[in-house]
Amino acid sequence: MQTDNWMHDTQGVLNLTLDKAVLPQSHDCGSYAPDYGLVPNFDSTFNNLIELLDNLGCLDFLGTFVGCFTKTQKGNILDQLNSGARILDFRVCSVGDALYMHHGPILCETLECAFTQVQKFLAQTTQELIIIDVGHYDIETFPGGESGAIRKISTLAESLFDDQLIRFPTDPSSTKANSSLGDLIQGKSGVIVAVDCKKNLISSGAPIWANKLYRGPYADTVKISKLVQKELDYVKHDSKISQNSLFQLQWILTPNTEFILQTILDAIQSESNLPDILVYLNKNGLRKLAQEANAHLDTFLAEYKSLGLTNIRSLRLDYIEDTDAVEKCIGLMGLTNSN
């Protein structure tokens, strides 16, 4: 299936409102390249370590090593969009005068580079809606705190996206329920940038939205059985409450300390040199967890449908290019694609 223009090519999808559409989401979309070192001042416990590793010239290696357990996507953001992702999970921090993507303490590439890839995708498509959901941004790294972060993100978004930027509506909850996706993009591809922040920092007509649009708890486990049960419980609970936020299925297995240490031990025991150890870790770290989770998604969604539940608004996935997320979302919306 052709996925770069799937919203335009799927009859009926642009007639849906946000609270009826189901969109593929790439989890931690910037961590396809977690090799830019560590985030300065991410946590006071890291500061001395960062300084030592920087003096030794080891930050690049550390990023590569930790990437085995923090790299959540195979291709860059443009690749993810071409593969069908329409919600991008952004984590943003400030380093000096530049804004960067990050995954926890691991620094990824610049926010400007990420935005530029979105801009390129908008230019090559006709009627696609992209939602940049900035759910994590480290206020303590920004000069001026939260207001400084909002100002810098807003300025960059406005300068790059121009008239394809969908501005903050007067009543966001009404927009989610009453404005179709087609109404939002107005005949051309468009982008929403939503940032989890205090509403009084963002007024109607501003370049970015408050607050984070999509919400849903992590299962926080490496066990597929626990992921299945926890996410099913979360979906059932959410289906009983009324809320303005949109429920995302967090179909993600998360490496814990025990898993990381055991995988490193297995790599050292099975491989004889550092390059081969890194190859082993890349195959058996987070990517292996993603493959296991994605392989069980069809079974979960079948159970979800059998219970008569209809509240999932996004499938949030690791390694989204290796999935048929678009087909799954179209199926959940009860639509068919012409390609």
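A salt bridge is a side-chain nitrogen of Lys or Arg within 4 Å of a carboxyl oxygen of Asp or Glu. In this predicted model, D28, D89, R91 and R316 are joined through such bridges into a network. By the same rule, the count for the structure comes to 12 salt bridges. Side chains of opposite charge can pair when their charged atoms come close.

R91 forms a salt bridge with D28, and the closest N and O atoms of the two are 3.5 Å apart. R91 belongs to strand β2 (residues 87–95), while D28 sits in the loop between β1 (23–26) and α2 (44–56), so the bridge ties together parts that are 63 residues apart in sequence. Are these two partners buried or exposed? R91 has a relative accessible area of 7%, so it counts as buried, the limit being under 20%. D28 is buried as well, with a relative accessible area of 1%.

A second pair joins two helices. K328 forms a salt bridge with D298, with 3.2 Å between the closest N and O atoms. Because K328 lies in helix α14 (residues 325–332) and D298 in helix α13 (residues 297–306), this pair ties together parts that are 30 residues apart in sequence. The two partners can be read side by side: K328 is buried, with a relative accessible area of 12%, whereas D298 is partly exposed, with a value of 47%.

In soluble globular proteins, nonpolar side chains tend to be buried together. Here, the largest nonpolar core holds 97 residues, and within this core F90 and V193 touch the most other members. Helix α6 (residues 145–161) supplies the largest share of the core, with 7 residues.

What is F90 in contact with, once its neighbours within four places in sequence are left aside? The contacts of F90 include C29, I77, M101, L111, A114, F115 and I132. D133, V134, G135 and H136 are also in contact with F90.

Technical notes:
Residues numbered from 1 in each chain as written. Predicted model: local features only at pLDDT ≥ 70, side-chain atom pairs only at ≥ 80, totals over all residues. Heavy atoms only, no water. Core = buried A, V, L, I, M, F, W, Y, C linked by side-chain atoms within 4.5 Å. Buried < 20%, exposed > 50% of the residue type's maximum accessible area, 1.4 Å probe, protein only. Helix = DSSP H or I, 4+ residues; strand = E, 2+ residues; numbered from the N terminus. Contact = heavy atoms within 4.5 Å.
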